[in-house]
Amino acid sequence: MQLPFPARPSVVVALLTPFADDGTIDVGALREHVAFLVDAGVDAVMPCGTTGEGPLLEEDEAATVVEAAVVAAAERVPAFAHVGRASTGATVRLARRAIGSGAAAVSAVVPYYYGLDDEQVLAHYRALVDAAGSTPTLAYNIPARTGNDLRPDAVRTLAADGLAGIKDSTKSLDRHREYLGLAGPDFAVFMGSDEMVADALRAGAAGCVSAVANVRPDLLVRLARAVTDAEADALQAEVSALRAQLSRGPALLGLKRALSERLAGYPAALRPPLG
């Protein structure tokens, strides 16, 4: 099942979630941010993932964020809703709500906290693919956060079952190349680590899902469109340096503070227990 993308490397923004002083979702700030990203030339936004503090959002809040992102994108770019939860039932339920709000695809992290074997992971994603129906489904592998891995053999099986792609945040180029060996017209592989985008694109990745793009979408768009290795390497060095700078201190706070300097009024608050 193909994703709604052009035939070139694509930049998907791992969208931040803005919180008002009272802890509610600042929908106005979110819509302004999405408009800023779309104007900069990104290809899609992905709300409610790791960068969006997704695991800390209540189900109704996640649904609100997805709906606001879809409205703000205004059909100029698609919104890929991250709906991953620890349980299959909650993941499927949120996926259906996101699709009902107009999400062009859904993405789900490998279930977390409890150790799972391959058959349990396969059953989880098969349930999600089935629930999503004609809406493309992406897997998201970040074993350092979930404690579970999505191995290439399992991905091969899921691709045959209708999985549309994977966001790879393993931080392993060797693993990324294994995933790329499964890529084809109906299965896309995205790099999820900002520090490794250039190498992934050279190896044939469909694009990246970037946190840094929240603040510097122009930089990631230029990297995705780079025509020479020298240009790509220079841009990658700039992206990596910015990522390192923004990663100092409490998780995600650097990204939000940097964005508040670019978009007046964007709140830098984090959702407790992060904030």
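**Cysteines.** Working from a predicted model here, I started with Cys-48, which is buried at a relative accessible area of 1%. I then looked for its closest cysteine sulfur and landed on Cys-208, 19 Å away, which is too far for a bond. A disulfide needs the two sulfurs within 2.5 Å. Cys-208 is in no disulfide either, the nearest sulfur being that of Cys-48. Cys-208 is buried too, with a relative accessible area of 2%. My search of the whole structure came back with 0 disulfides.

**Helix H9.** Next I asked how many of the 8 residues of H9 are buried. The count is 6, so this helix, residues 217–224, is largely enclosed by the rest of the structure. I wrote down the buried ones: Pro-217, Leu-219, Leu-220, Val-221, Leu-223 and Ala-224. Then I checked what covers them. The cover includes two strands, S1 (10–14) and S8 (207–210). It also includes helices H1 (27–39), H8 (197–203) and H10 (229–246).

**Aromatic rings.** I searched the whole structure for aromatic pairs and got 1. The partners are Tyr-113 and Tyr-114, with 5.0 Å centre to centre and 80 degrees between the planes, which makes the pair edge-to-face. Buried or exposed, these two, Tyr-113 and Tyr-114? Both tyrosines are exposed.

Lys-167 lies over its face, at 4.0 Å from the ring centre.

To get from S6 to S7 the chain goes through helix H7 (residues 173–180), in a right-handed β-α-β crossover.

I then checked which way the side chains of S7 (residues 188–191) point. Ala-188 and Phe-190 go one way, Val-189 and Met-191 go the other, and all are buried.

On to S8: 2 bridges join S7 to S8, again running parallel. Phe-190 stands opposite Gly-207 in S8. The path from S7 to S8 runs through H8, and this β-α-β crossover is right-handed.

Notes. Residues are numbered from 1 along each chain as its sequence is written. This is a predicted model: local features need pLDDT of at least 70, side-chain atom pairs count only at pLDDT 80 or more; totals for chains, interfaces and linings use all residues. Side-chain values use heavy atoms; hydrogens and water are left out. Buried means under 20% relative accessible area, exposed over 50%, partly exposed in between (1.4 Å probe, protein chains only). Helices (H or I, at least four residues) and strands (E, at least two) are DSSP runs, numbered from the N terminus. Contact means heavy atoms within 4.5 Å. Rings of Phe, Tyr and Trp (its six-membered ring) pair if their centres lie within 6.5 Å; planes under 30 degrees apart count as stacked, over 60 as edge-to-face and the rest as tilted. A charge sits over a ring if NZ of Lys or CZ of Arg is within 6 Å of the ring centre and within 35 degrees of the ring normal. A crossover is right-handed if, with the strands pointing away from the viewer, the path from the first strand over the helix to the second runs clockwise. Two strands pair if DSSP finds at least two bridges between them.
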